[in-house]
Amino acid sequence: METGKSKTAVIAEWLTKEITEGRFRPGEKIPSEYELAEQFSVNKKTANKAVSELVIRKLVERRRGGGGSIVCGNPALLKGKFAVFMSGKISYYSNLLHGFQEGAFRRGYDLYFYSSPDVTDFTLALNRLKAEDPSGVIVTHLQEFPADMPFPVLWVNNVPSNLRDCNQVRHNNRAGGRMLAEHLIGLGHRRIVYVAQNNVEQPLLERCRGFREVLREEGIEVLSVELFSNESLNAREFTDRLLRRFPEMTAIACDGDHIAMSILLALREFGVRVPEDLSLTGFSCLPEVQSLVRITSVDERPRRMGAYAAELLADLVEGRTAAPVCEIFDVEFSAGRTTGPVREKTRLFL
């Protein structure tokens, strides 16, 4: 008859094998000690000793409050590593990066990233990338990246127009634009100015395209599509120009929360009430903006999409999914306090 110690070793060896071969992944629960006791026909104390061995070896950790035992993200057990090339400074990008990390760790991969490389650093970063020999790469919000890489490359959100049949995951920006237009039309708005950050990036173009589609379906056109950049005019100057050029407008739709916030502050300086005099929308539900003012916007849930993207890259690396892949990630409308019904009498902003 096997001793308690040998049973403990058998259970510990079985758990170790299941973890190292990826059947229990980092962040996942292993079977409870009650389940292990039943599976191996031992008492709970023996199963507890086996799990304790794995805890000592830092293969699993016990969670308090009935959380069970969770597989650690032990580098010794990692299948490989992912690299992330990312450009951007607002919270959207940090949340996206958190999601990449969650998804990578969950599938047993380490993750490191290069942030906003300039032309010189980009070449250096690529050379270092090749030396690191990653399992796969995520590229997000960069206009260019070499296509001839010896590992899978997954583009997130912004795919250069010259790339064909590439792996990509992107927000449904077009649907988000449609949601905002439908919301404003439902409130009676027909005289709308659309404010864009630029007319180059694919996600921003999709937002505008979706917005204008809904208006055209109703026989309406935007009063104008205006490009706003602090490099040419500050928010106060830009808003002053809008008020003078389009005194009949009842709503301003912005393709970003940070732009909407800048315009909102400028409108307050001019004594224009939002939403009583003028409705205003943003895009992306940025926490740093929404914590100050609940702007009507679209939630892209970047952290959730980041985790999904990292797991999709793992599927490509492991051959679970065939390339190329093209996934569209849903967005959600978020009603705020900056939109309301059209005012009864038109106010001239002069």
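Let's start with Cys-285, which counts as buried at 16% relative accessibility. Buried here means under 20% relative accessible area, with exposed over 50% and partly exposed in between (1.4 Å probe, protein chains only). Before we go on, keep in mind that this is a predicted model, where local features need pLDDT of at least 70, side-chain atom pairs count only at pLDDT 80 or more, and totals for chains, interfaces and linings use all residues. Residues are numbered from 1 along each chain as its sequence is written, and side-chain values use heavy atoms, with hydrogens and water left out.

Back to Cys-285: you'll find this residue in the loop between β11 and α10. Those labels come from DSSP runs numbered from the N terminus, with helices being H or I runs of at least four residues and strands being E runs of at least two. Phi of Cys-285 is near 50°, a positive value in a residue other than glycine. Ser-284 sits in that loop between β11 and α10 (287–290) too, and has a positive phi of about 110° although it is not a glycine. Why point these out? Most residues other than glycine have a negative phi, and most peptide bonds are trans. Ser-284 is buried as well, with a relative accessible area of 9%.

On the subject of peptide bonds, have a look at two prolines. The bond from Val-274 to Pro-275 is cis, with omega near 10°, and Pro-275 lies in the loop between α9 and β11 (279–281). Another cis peptide bond joins Ala-323 and Pro-324, with omega about -5°. Pro-324 belongs to the loop between α11 and β13 (326–329).

That brings us to helix α11 itself. Just after α11, Gly-319 takes a positive phi of about 75°.

Is Arg-301 buried or exposed? It is buried, with a relative accessible area of 18%. Arg-301 touches Phe-329, Asp-330, Val-331 and Glu-332 (heavy atoms within 4.5 Å), not counting residues up to four places away in sequence. The side chains of Arg-301 and Glu-332 are also joined by a polar contact of 3.3 Å. A polar contact is a pair of N or O atoms within 3.5 Å; within protein, one must be able to donate a hydrogen and the other to accept it, and residues adjacent in sequence count only if both atoms are side-chain atoms.

Finally, the pockets. On a 1 Å grid over the protein atoms alone, a pocket is an open set of points where a 1.4 Å probe fits, with protein on both sides within 12 Å along at least five of seven lines, and lining residues have an atom within 4 Å of a point. The largest pocket is lined by 30 residues, and Tyr-93, Gln-197, Asn-198, Glu-201 and His-258 lie nearest its centre. Which helix gives the most to this lining? That would be α9, with 4 residues. The second largest pocket is lined by 14 residues, of which Ser-32, Glu-33, Gly-67, Gly-68 and Ser-69 lie nearest its centre.
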